[in-house]
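Hi,

Here is the structure for your files. My notes follow below it.

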Amino acid sequence: MNLPKIPLGKGVEWIENWLTTYFGPVFDLIHAVIGGMVSGIDAALNFLPAIVLTLLIAALAYWIGKWRMALFAVVGLLLIDNLGLWGPSMQSLALVLTASILAVVIGVPLGVLCAQSRTFQNIATPILDFMQTMPAFVYLLPAVSFFSLGVVPGVIASIIFAIPPTIRLTNLGIRQVSPELVEAADAFGSTTGQKLFKLQLPIAMPTIMAGINQTIMLSLSMVVISSMIGAQGVGAYVYRAVSQAKTGAGFEAGIAIVIIAILLDRLTQKLFKPKQQG
């Protein structure tokens, strides 16, 4: 069929140029805020010597996950330091923490709105489906146009890619709260805010934490992709090793990412486990 091509791509580029022209100061402000967050977290992680920070993380791991988690933290982090990847790993961790914090700050309220309003949920669901199915590389193009190269567009792309699980599971967790409990709260004259903060969110917290855990893992998965647009860190070592066919260097950097991923995953998984058992 010789139908004329729909100028979808040109339309997207027109919107991108329009936003860049009329909302440049907004993007500059966002760039400054996110860049400041990443720099601040990176500076905090590098403020203490590697061995001291390792012991502090091990103590946290022991408090949350007992001695096996603490032992893994000590061995894993000392291995990262021994491989000479401590600094890049902390840069990547700063990017992941920044993207995860912003995704949770934005995602949890949106999940609450989805739970409170069927109309908002119907609007948000196809948008979340689009965000989760669109290849992550595509997010890099507008992010670079709006925020230039560097770590900031990497954080923006990570937020877009990683935020859907937090929104979906916050919505699911609140909707799974027993209707009898909600009716009882209504019978005692609770306001919407009291029901939300004293009943629904505490009961839904394990489900919300599962969404936050997925968001952190998806943010970490963007570390290597973000390095393609100038984000520094251990992901850049993986990307450089792949482009130069250096298998050993790529394996070492990959091990560092795996250690960070296991630590973040286990710590966030176990954070609310004692409360569930209680």
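Contact here means heavy atoms within 4.5 Å. This is a predicted model: local features need pLDDT of at least 70, side-chain atom pairs count only at pLDDT 80 or more, and totals for chains, interfaces and linings use all residues. Residues are numbered from 1 along each chain as its sequence is written, and side-chain values use heavy atoms, leaving out hydrogens and water.

Start with glutamine 200. It sits in helix H10 (residues 192-221); helices are DSSP runs of H or I, at least four residues, numbered from the N terminus. Glutamine 200 counts as buried because its relative accessibility is 11%. The cut-offs: buried is under 20% relative accessible area, exposed over 50%, partly exposed in between (1.4 Å probe, protein chains only). Leaving aside residues up to four places away in sequence, glutamine 200 touches Gln116, Ile174, Val177, Val182 and Lys195.

Next, the cores. A nonpolar core is a set of buried Ala, Val, Leu, Ile, Met, Phe, Trp, Tyr and Cys residues joined through side-chain atoms within 4.5 Å. The largest has 55 residues, and Ile80 and Val155 have the most contacts inside it. H4 supplies the largest share of this core, 11 residues. Isoleucine 80 touches Leu85, Trp86, Ser89, Ala256, Ile259 and Ile260, again not counting residues up to four places away in sequence. Another core lies apart from the largest one; it has 15 residues, including Ala103, Cys114, Tyr139 and Met222.

Last, phenylalanine 23. This residue is in the loop between H1 and helix H2 (24-47). Phenylalanine 23 counts as partly exposed because its relative accessibility is 34%.

Best wishes

How values were computed
Helix = DSSP H or I, 4+ residues; strand = E, 2+ residues; numbered from the N terminus.
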